[in-house]
Each structure stands twice: as C-alpha cells, then as structure tokens.
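Please look over the structure before reading the points.

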Amino acid sequence: MNTHSNILDHTSIGATTPNQILQIALAAWRHRNLVELVDQFNDQFTFTDYALGLEFKDKERLTEFLAKIRERFPDSERRDNTIFSSGDRVTTEWTLTATHAEPFLDGRPRKVPICVQGISVVQIKNGKISQWSDYYDQLKSRRQGVAALFEQWIEL
C-alpha cells in the first residue's frame, strides 16, 4: 500500500472519514508518536489484542503498552498491506516485523527475526476510534517470544 509520510499534516484540517482517522493513527504509529496515536481514540474506547488476551479501556495504560512494544522491539515496523472501509468500520491487513535479541553461544546475543501477520478491525464514532481489535496467530506469536515478553509486563 502506498501511503504518504505527511498524513499527520491532515490533522489540522480535521479528518472526516473513518479511513482518514485510521490513516492518521497509523501514521502516528509509524512516526513513533504515541501521544498522537492515542489522541485518535475516544475517551471511552476498547483496544483488544486477542492473541495476547489483552484489553485496554484507559489511554494511559494503552500508551504504556504501546511504549513497551517500542522498548522491547525498537526496530518494529507495521506495514499495512490492505485497508477496507465500510461505514464506520475500517479493517486493515498488516504485517509486523521486528527482531528480538536472545542469548546464544557463550551468552552472546543473537537477533531473531519476528514476522507476524494479522488484521485490525477499527470502529470510528464521533470522529474518534471507539474500538480497535487486533487478530493474529497466537501460537506463532508465542513461538517467536512476543507473548512471553508481554505476559511478564502484564504481571507488573
């Protein structure tokens, strides 16, 4: 999918369609601007990651979760391959790539590639995201160590 890096510039004119609102959120994600990303959510929202079994309804906690992703996987990149829009819902098929450092011979770290494909279903109400649901392969994410890292974080 071809996207412009200046999508954030459109926030000043006000996004009007669900697709535009999601595009602004995704651009903020790519630019690592978590404040702008979370600002696209309604005050009352639900963000659900079904593979990890996580649900957020608080912007502060969602911001912490997204920051933890950036901390654990600083080279992570989400590429949205296809975006479908219908009414107040937008569905995007995406690929998330990253690397994870793990101990190898003599404790020296090696970088292990991570590649997870999934979809997000996003509902927009009153110009903001009211519901965001991520679906992807839970078993594959566990094999690649993604779930284990976040299970440790959840316990904190």
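**Salt bridges and surroundings**

E64 is partly exposed, with 33% relative accessible area. Its salt-bridge partner is R61, at 3.0 Å from N to O. The model is predicted. A search of the whole structure gives seven salt bridges.

**Pairs in helix α3**
- E64 and R61 sit three residues apart in helix α3 (residues 59-72), so about one helical turn separates them.
- R61 is partly exposed too, at 29% relative accessibility.
- K68 and E71 form a salt bridge of 3.4 Å, N to O.
- Both K68 and E71 belong to helix α3, three residues apart, or about one turn of the helix.
- K68 counts as buried at 14% relative accessibility, whereas E71 counts as exposed at 53%.

- K128 and D39 form a salt bridge, with their closest N and O atoms 3.9 Å apart.
- This pair links strand β6 (residues 128-136), which holds K128, to helix α2 (residues 34-39), which holds D39; the two residues are 89 residues apart.
- K128 is partly exposed at 26% relative accessibility, and D39 is partly exposed at 39%.

**A buried arginine**
- R78 lies in strand β3 (residues 77-86) and counts as buried, at 7% relative accessibility.
- The R78 side chain makes polar contacts with the side chains of D80 at 3.0 Å and S120 at 3.2 Å.
- Beyond four places in sequence, the contacts of R78 include W29, W94 and W132.

**Nonpolar surface**
- Y50, I119 and Y135 make a nonpolar surface patch of about 270 Å².
- Y50 is in the loop between β1 (41-49) and β2 (54-56), and is partly exposed at 44% relative accessible area.

Methods. Residues are numbered from 1 along each chain as its sequence is written. This is a predicted model: local features need pLDDT of at least 70, side-chain atom pairs count only at pLDDT 80 or more; totals for chains, interfaces and linings use all residues. Side-chain values use heavy atoms; hydrogens and water are left out. Patches are made of residues with over 30% relative accessible area and no salt bridge: like charges are joined within 9 Å, nonpolar side chains (Val, Leu, Ile, Met, Phe, Trp, Tyr) within 5 Å. Accessible areas come from the Shrake-Rupley method with a 1.4 Å probe; for residues, only the protein chains shown count as cover. A salt bridge is a side-chain nitrogen of Lys or Arg within 4 Å of a carboxyl oxygen of Asp or Glu. Helices (H or I, at least four residues) and strands (E, at least two) are DSSP runs, numbered from the N terminus. Buried means under 20% relative accessible area, exposed over 50%, partly exposed in between (1.4 Å probe, protein chains only). A polar contact is a pair of N or O atoms within 3.5 Å; within protein, one must be able to donate a hydrogen and the other to accept it, and residues adjacent in sequence count only if both atoms are side-chain atoms. Contact means heavy atoms within 4.5 Å.
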